[in-house]
Amino acid sequence: MLYIARGEELLRYSFSGAHPMNKTRLESFYRALDESGVKYSVFKPVMASLEELRLFHDEDYIKFVQYASWQGYGYLDYGDTPAYPGVFEAASYVVGTTLGLVKLVLREGCRGFNPMGGLHHAMSSKAGGFCVFNDAAVAIKYLLEREGVRAVAYVDIDAHHGDGVYYEFEEDPRVIFFDIHQDGRTLYPGTGFRYEDGRGAGKGKKLNIPLPPGAGDVEFKNAFDEGLAFLEKHDFDFVLLQCGADGIEGDPLTRLEYSPASHRYAATALRKLAAEKCGGRIVAMGGGGYNPENVARAWMEVVLSLA
Ligand SMILES: [Zn+2]
């Protein structure tokens with residue numbers, strides 16, 4: 001069974017004006033989902049509690065976002081991530097929804113997808129790259145600290161490096177991290193190099209594969225197969241997939257040239273791997289993607305692979 005998060009609460013995570021992170025992306029996906037006739041169960045959005053946010057985020061930062069949300073203007077970082085009235089609640093819904101799916105999937109051994117999730121640039125104490133709270137990082141903390149799972153596999157195919165997950169868990173051997181992205185020398189956030197393979201106890205538990213601008217499905221598949229071989233060598237109890245659609249050719253912010261076939265390949269392979277390693281437990285999170293048509297096509301491939 002595949003649960004897909006759906007509800008107007010998720011559409012509230014939307015920056016105004018010409019900002020690329022806006023609700024037209026989700027609307028485009030839900031339209032495609034309805035037209036496809038694919039069978040799934042609706043998962044109603046849930047707001048994270050303060051206690052849940054605190055699993056990963058610093059108290060001072062949570063208070064800062066609450067204040068900015070009440071004030072309703074300005075920026076949460078140096079200019080990418082604006083504040084607006086209600087941004088705290090909107091961001092808390094994204095976290096609570098990913099967390100709710102994780103709890104459900106852990107219990108039922110099913111699969112889940114939060115299209116608004118995957119806000120992988122947020123750090124424990126700061127916003128970044130359109131991301132206020134890091135739902136993936138909160139979910140990882142929850143699984144490790146509250147459910148006592150031994151390890152979590154985090155796979156990120158968004159065009160941008162998942163720096164908020166990588167750096168915050170760089171030394172943690174329980175987070176098996178694999179990320180394919182456009183080379184940091186050519187794209188925000190400028191990180192995710194090959195030599196970044198974990199530190200301390202986390203050494204060797206992370207794999208970053210940067211691809212040059214112009215890379216397409218062939219380069220993606222080669223990189224993904226390397227990642228699969230890396231994941232095979234480790235044990236984990238849960239798979240999280242950040243399936244950002246901004247690597248699809250025609251995205252306004254990046255220069256990768258994948259087709260949605262890359263998303264199908266990744267999701268299908270991970271579904272198999274999860275079945276083999278951890279009772280099929282996998283939650284996907286939408287991540288980036290700023291061409292609404294591409295977003296719908298890429299995420300539908302993920303949905304069809306997981307359904
Ligand atoms: Zn991205």
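Author: pLDDT is the predictor's confidence in each residue, from 0 to 100. The structure above is a predicted model. Its average pLDDT is 98, and 100% of the residues score at least 70.

Reader: With which strands does β5 pair, and in which sense?

Author: β5 pairs with strand β4 (residues 152-156) in the parallel sense, over 5 bridges. With strand β6 (residues 206-211), β5 also pairs in the parallel sense, over 6 bridges. To find these pairings in the picture, take one residue from each. A153 stands opposite I176 of β5, and Q182 has L211 of β6 as its bridge partner.

Reader: Is β5 buried or exposed?

Author: A residue counts as buried if 20 or more other C-beta atoms lie within 10 Å of its own. In β5 (residues 175-182), 8 of the 8 residues are buried, so the strand is largely enclosed by the rest of the structure.

Reader: How should I read a helix?

Author: An α-helix has 3.6 residues a turn, so residues three or four places apart point the same way. Helix α6 (residues 135-146) has 12 residues, which at 1.5 Å a residue should span 16 Å; the end C-alpha atoms are 15 Å apart, which agrees. Helix α10 (residues 292-306) has 15 residues and reaches 21 Å from first C-alpha to last, close to the expected 21 Å.

Reader: How many residues of α6 and of α10 are buried?

Author: In α6, 10 of the 12 are buried, and the helix is mostly covered. Among them are D135, K141 and Y142. After α6 comes G148, with a positive phi near 65 degrees. In α10, 12 of the 15 residues are buried, so this helix is largely enclosed by the rest of the structure. They include R297, W299 and E301.

Reader: Against what do the buried residues of α10 pack?

Author: They pack against β1 (2-5), α2 (24-36), β3 (111-114), α9 (260-278) and β8 (282-285).

Reader: Which residues have the most contacts inside the largest nonpolar core?

Author: V138 and V152 do, in a core of 99 residues. Helix α5 (residues 87-108) gives the most to this core, with 12 residues. Leaving out residues up to four places away in sequence, V152 touches I140, L143, L144, R174, V175, I176, F236, F238 and L240. One of these, I176, is the residue of β5 that A153 stands opposite.

Note on methods:
Residues are numbered from 1 along each chain as its sequence is written. This is a predicted model: local features need pLDDT of at least 70, side-chain atom pairs count only at pLDDT 80 or more; totals for chains, interfaces and linings use all residues. Helices (H or I, at least four residues) and strands (E, at least two) are DSSP runs, numbered from the N terminus. Two strands pair if DSSP finds at least two bridges between them. The expected span of a helix is 1.5 Å times one less than its number of residues. Two residues are in contact if their C-beta atoms, placed from the backbone, lie within 7 Å. A nonpolar core is a set of buried Ala, Val, Leu, Ile, Met, Phe, Trp, Tyr and Cys residues joined through C-beta atoms within 7 Å.
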